[in-house]
Amino acid sequence: MIVVYRLSPLTARLAKPLVRTKFFSMVNLIAGRAVVPELIQDDFTPQRVAAEAEKLLFPSEEGKKRVEEMRRGLEEVRQLLGRPGAVERAADEIVKLLAAPKSNAN
(Lines give C-alpha, C1' and ligand atoms only; values in the text may rest on other atoms or scores of the structure.)
Protein backbone atom coordinates (compact mmCIF):
# COMPACT_ATOMS: atom_id res chain seq x y z
CA MET A 1 0.00 0.00 0.00
CA ILE A 2 1.20 3.47 -0.89
CA VAL A 3 -0.83 6.50 0.13
CA VAL A 4 -0.74 9.53 -2.14
CA TYR A 5 -2.42 12.86 -1.62
CA ARG A 6 -2.07 16.25 -3.22
CA LEU A 7 -4.07 19.45 -2.88
CA SER A 8 -3.93 22.50 -5.07
CA PRO A 9 -0.97 24.67 -4.03
CA LEU A 10 -3.26 27.41 -2.68
CA THR A 11 -5.36 24.97 -0.65
CA ALA A 12 -2.21 23.32 0.72
CA ARG A 13 -0.77 26.67 1.76
CA LEU A 14 -4.01 27.66 3.50
CA ALA A 15 -4.42 24.29 5.21
CA LYS A 16 -0.82 23.83 6.39
CA PRO A 17 -1.12 25.99 9.55
CA LEU A 18 -4.34 24.16 10.50
CA VAL A 19 -3.05 20.60 10.10
CA ARG A 20 -1.54 19.22 13.27
CA THR A 21 -1.10 15.58 12.41
CA LYS A 22 2.01 13.65 11.55
CA PHE A 23 0.11 11.27 9.25
CA PHE A 24 -2.71 11.52 6.73
CA SER A 25 -3.65 7.92 5.97
CA MET A 26 -6.17 6.22 8.21
CA VAL A 27 -3.85 3.22 8.61
CA ASN A 28 -0.99 5.35 9.95
CA LEU A 29 -3.30 7.47 12.09
CA ILE A 30 -4.81 4.40 13.74
CA ALA A 31 -1.41 2.73 14.22
CA GLY A 32 0.16 5.95 15.49
CA ARG A 33 3.19 5.29 13.33
CA ALA A 34 4.23 4.96 9.68
CA VAL A 35 2.92 1.57 8.61
CA VAL A 36 2.52 2.53 4.94
CA PRO A 37 4.45 5.14 2.98
CA GLU A 38 2.70 8.46 2.44
CA LEU A 39 3.59 10.64 -0.52
CA ILE A 40 2.02 13.98 0.28
CA GLN A 41 1.97 17.13 -1.80
CA ASP A 42 5.43 17.68 -3.37
CA ASP A 43 6.54 14.14 -2.51
CA PHE A 44 3.74 12.81 -4.73
CA THR A 45 5.54 12.54 -8.05
CA PRO A 46 5.45 9.80 -10.68
CA GLN A 47 9.07 8.97 -9.89
CA ARG A 48 8.44 8.59 -6.14
CA VAL A 49 5.31 6.48 -6.69
CA ALA A 50 7.25 4.25 -9.09
CA ALA A 51 10.17 3.93 -6.67
CA GLU A 52 7.89 3.03 -3.74
CA ALA A 53 5.91 0.56 -5.86
CA GLU A 54 9.12 -1.05 -7.08
CA LYS A 55 10.28 -1.50 -3.47
CA LEU A 56 7.05 -3.35 -2.70
CA LEU A 57 6.71 -5.36 -5.91
CA PHE A 58 10.37 -6.34 -6.34
CA PRO A 59 11.80 -6.08 -2.85
CA SER A 60 15.46 -6.43 -1.98
CA GLU A 61 16.31 -8.30 1.22
CA GLU A 62 15.83 -5.05 3.13
CA GLY A 63 12.62 -4.41 1.20
CA LYS A 64 11.28 -7.84 2.13
CA LYS A 65 11.66 -6.87 5.79
CA ARG A 66 9.77 -3.64 5.08
CA VAL A 67 6.95 -5.54 3.36
CA GLU A 68 6.72 -7.90 6.33
CA GLU A 69 6.67 -4.91 8.73
CA MET A 70 3.85 -3.40 6.67
CA ARG A 71 1.88 -6.64 6.85
CA ARG A 72 2.35 -6.81 10.62
CA GLY A 73 1.33 -3.15 10.92
CA LEU A 74 -1.80 -3.70 8.84
CA GLU A 75 -2.68 -6.71 10.98
CA GLU A 76 -2.17 -4.58 14.09
CA VAL A 77 -4.56 -1.97 12.72
CA ARG A 78 -7.10 -4.69 11.90
CA GLN A 79 -6.85 -5.91 15.50
CA LEU A 80 -7.30 -2.36 16.82
CA LEU A 81 -10.44 -1.94 14.73
CA GLY A 82 -11.88 -5.17 16.10
CA ARG A 83 -14.32 -7.47 14.44
CA PRO A 84 -16.03 -6.46 11.17
CA GLY A 85 -18.61 -3.72 11.54
CA ALA A 86 -16.37 -0.99 13.00
CA VAL A 87 -18.36 1.74 11.24
CA GLU A 88 -21.65 0.52 12.69
CA ARG A 89 -20.12 0.21 16.18
CA ALA A 90 -18.73 3.73 15.94
CA ALA A 91 -22.13 5.06 14.84
CA ASP A 92 -23.79 3.27 17.78
CA GLU A 93 -21.33 4.90 20.20
CA ILE A 94 -22.02 8.33 18.71
CA VAL A 95 -25.77 7.78 19.10
CA LYS A 96 -25.21 6.81 22.76
CA LEU A 97 -23.20 10.00 23.34
CA LEU A 98 -25.88 12.14 21.73
CA ALA A 99 -28.64 10.46 23.74
CA ALA A 100 -26.79 10.70 27.07
CA PRO A 101 -28.14 13.27 29.55
CA LYS A 102 -26.13 16.46 29.51
CA SER A 103 -24.47 17.60 32.72
CA ASN A 104 -25.04 21.14 34.02
CA ALA A 105 -21.31 21.77 34.44
CA ASN A 106 -21.52 25.03 32.45
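This note comments on the fold, overall dimensions and charge pairs of a predicted model.

1. Fold. The protein chain contains 5 helices and 2 strands. In sequence order, these elements run β-α-α-β-α-α-α.

2. Dimensions. The radius of gyration of the protein chain is 19 Å, whereas a compact globule of 106 residues would have one near 13 Å. The C-alpha trace extends about 60 × 40 × 20 Å along its principal axes.

3. Of the 106 residues in the protein chain, 19% are buried. Among contacts with a separation of 6 or more, 63% link residues 24 or more positions apart. The accessible surface is about 8600 Å², and carbon and sulfur atoms contribute 61% of that surface.

4. The structure has 8 salt bridges.

5. Salt bridges within helices. In helix α4 (residues 61-81), E75 and R78 are 3 residues apart, so about one helical turn separates them. Their closest N and O atoms are 2.9 Å apart, forming a salt bridge. E75 is partly exposed at 34% relative accessible area, and R78 is also partly exposed, at 46%. Helix α5 (residues 86-99) holds both K96 and E93, again 3 residues apart; their side chains form a salt bridge at 3.2 Å, N to O. K96 is exposed at 53%, while E93 is partly exposed at 44%.

6. D43 is partly exposed, with 38% relative accessibility, as is R48, with 34%.

Notes:
Residues are numbered from 1 along each chain as its sequence is written. This is a predicted model: local features need pLDDT of at least 70, side-chain atom pairs count only at pLDDT 80 or more; totals for chains, interfaces and linings use all residues. Side-chain values use heavy atoms; hydrogens and water are left out. Helices (H or I, at least four residues) and strands (E, at least two) are DSSP runs, numbered from the N terminus. The radius of gyration is taken over C-alpha atoms; the globule rule is 2.2 Å times the number of residues to the power 0.38. Buried means under 20% relative accessible area, exposed over 50%, partly exposed in between (1.4 Å probe, protein chains only). Contact means heavy atoms within 4.5 Å. Accessible areas come from the Shrake-Rupley method with a 1.4 Å probe; for residues, only the protein chains shown count as cover. A salt bridge is a side-chain nitrogen of Lys or Arg within 4 Å of a carboxyl oxygen of Asp or Glu.
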